[in-house]
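Reader: Please show the model, and then let me ask what lies behind the terms used for it.

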Amino acid sequence: MKHDLLFRKVQSLVILLILVVIAYAAMIITQFDIIQTVTSIPKAIIWSVTNFYPNANSLAKIPDIWSKLQETLLISIAAASVASIFAFVFALFGSRVTEINRVLALISRFIANIFRNIDVSIWALVLLFSFGQSSLTGYFALFVASFGFLTRAFMETIDEVGADSVEALRATGASYIAIVFQAVLPMSVPQLISWVLFMIETNVRSATLVGILTGSGIGFIFDLYYKGMDYNSASLVVLSIVLSILITEWISNYVRRAML
Amino acid sequence: MIKTTEPALTGSGSVPFTAKRIKIKLLTRSALAIRITLLMLALLTIIGFLTFNYEGVNFIKGVLATLSNFKVIFLQPSFDHVTFLGAIGELLITLSLGILTTLLGAIIALFLSLFAARNLSNRMTSNIVKELVAIIRAVPTVLWVLIFAVSAGLGSVAAVIGMSFHSISYLTKAYSESFEEMDKGTIEALEGCGASWWQIVWQAVIPSSMTSMISWTFIRFEVNFGIAVAMGAAAGAGGIGYDMFMDSSYYYNLHEMGAIAYFILIVAMILEYGSVKIKDKIRA
């Protein structure tokens with residue numbers, strides 16, 4: 001018993017030591033300076049209190065910000081909604097419960113895997129080549145990222161929900177279409193919508209990043225004020241983003257509760 | 001639940017023919033919510049497409065161009081401005097940013113989550129911490145980084161601090177939820193023995209939720225890698241994301257973007273595999 005306790009103490013000490021070494025190596029690689037970190041936090045607080053607040057001047061920019069915000073919200077919703085349709089088809093092919101044939105299942109899983117593991121920022125940079133600085137670039141970047149994530153999420157939902165009922169219906173000789181539309185879809189719809197709502201929330205969050213990279217939507221207008229050192233207006237943009245994210249979250253939680 | 005008037009049996013015992021279809025679907029509150037949600041989503045999507053700022057971009061042309069770009073990226077990757085070893089070095093920087101962010105986030109979240117867990121703190125403190133954490137999460141990571149960059153300058157310090165906010169918020173929620181799963185009896189028994197709050201936390205609560213905490217932390221690390229790539233591109237945090245950004249915005253070099261995309265993809269897949277394995281191990 002005592003030996004066991006000692007062993008566990010040594011083990012956790014070793015793990016701690018390894019973590020410290022990794023952290024130290026990471027600090028050297030990134031030239032991360034602890035002292036600078038500690039001193040920069042109060043500096044940042046002082047700076048934001050003295051500079052980062054909306055003033056009367058920036059209030060005049062509310063119409064501009066509002067139109068960009070509206071555009072961004074619509075892009076986020078449209079991307080998640082359209083992606084969910086594609087994702088559902090791919091999830092049907094990819095799910096173990098509803099797969100039509102093995103090769104198709106593997107292909108659709110592979111595609112979803114690639115699309116999910118490439119970050120939305122990379123998609124934005126790639127799409128910039130063909131769509132330029134327009135809303136479409138932002139839309140497609142969010143669409144592709146949503147598609148990858150939703151396919152995976154839908155696949156897991158169908159796997160969880162469908163197994164028994166699909167088997168039962170198959171035994172009665174129901175056709176594939178009937179199985180999908182009479183059993184799989186009705187049973188998993190609340191879960192699926194819940195995922196779509198989650199995706200919209202995520203999209204609204206990443207829209208800022210995508211906007212900065214592709215020069216569209218709310219991210220673009222933030223970047224414009226930020227680079228122009230108009231911090232009062234930039235803070236107003238941040239405020240509007242925070243409010244819209246909190247409201248989106250609130251709505252989707254409300255809908256989720258009503259649905260489930 | 002389903003209230004229907006049963007048809008009276010006739011003499012022969014067979015059910016008489018009813019012209020009305022039997023209602024099998026009921027419009028419950030949940031079904032109504034689903035329909036309204038779907039309708040709203042469809043409506044907003046259509047409005048979105050009608051009001052998008054297309055700026056003369058041809059939709060079909062763009063899609064075709066994207067497909068041919070994909071072909072170049074995935075089938076003809078090559079290095080140009082960065083060497084193979086250089087790319088690995090940049091990848092290490094990005095990974096290091098992810099590690100530092102995760103560790104910093106985990107340490108701070110550990111303390112915050114003790115106050116956020118219902119069974120370890122009081123109701124008011126718990127609610128305050130949880131609300132605070134939700135508001136922190138509402139500011140996108142890139143904005144945290146850029147806000148810190150004004151006073152700390154662009155670089156790893158601003159990137160790590162800015163990225164840590166979301167990690168703190170996420171891990172606080174995850175940790176406190178695993179603390180709340182802890183058996184109430186254990187805490188009461190220890191309190192009865194006269195153990196102090198810190199003793200209960202260090203000797204009982206944390207050891208028993210250790211496995212789920214490790215798994216959440218690793219999942220967060222996986223997320224942070226993706227964020228570190230993005231911050232390299234959007235907020236000058238350095239690392240492989242920055243090379244990607246340069247290729248996209250200055251060199252217009254699709255071939256090198258492809259090579260870098262493969263690098264990122266491979267690391268992301270390894271990390272995902274790891275977190276799936278850890279999740280399975282803990283569930284079992």
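Author: Along its sequence, chain B follows the pattern α-α-α-α-α-α-α-α-α-α. This is a predicted model, in which local features need pLDDT of at least 70 and side-chain atom pairs count only at pLDDT 80 or more, while totals for chains, interfaces and linings use all residues. Residues are numbered from 1 along each chain as its sequence is written, chains are lettered from A, and side-chain values use heavy atoms, without hydrogens and water.

Reader: How many helices and strands does chain B have?
Author: Chain B has 10 helices and zero strands; helices (H or I, at least four residues) and strands (E, at least two) are DSSP runs, numbered from the N terminus.

Reader: Why is I22(A) called partly exposed?
Author: Buried means under 20% relative accessible area and exposed over 50%, with partly exposed in between (1.4 Å probe, protein chains only). I22(A) has a relative accessible area of 35%, so it is partly exposed. I22(A) lies in helix α1 (residues 2-30) of chain A.

Reader: What makes up the largest nonpolar core?
Author: A nonpolar core is a set of buried Ala, Val, Leu, Ile, Met, Phe, Trp, Tyr and Cys residues joined through side-chain atoms within 4.5 Å. The largest has 123 residues, of which Y139(A), F222(A) and M231(B) touch the most other members. Helix α7 (residues 135-171) of chain A gives the most to this core, 14 residues. A second, separate core of 17 residues includes L120(B) and I200(B).

Reader: How much of chain B is buried?
Author: Of the 284 residues in chain B, 45% are buried.
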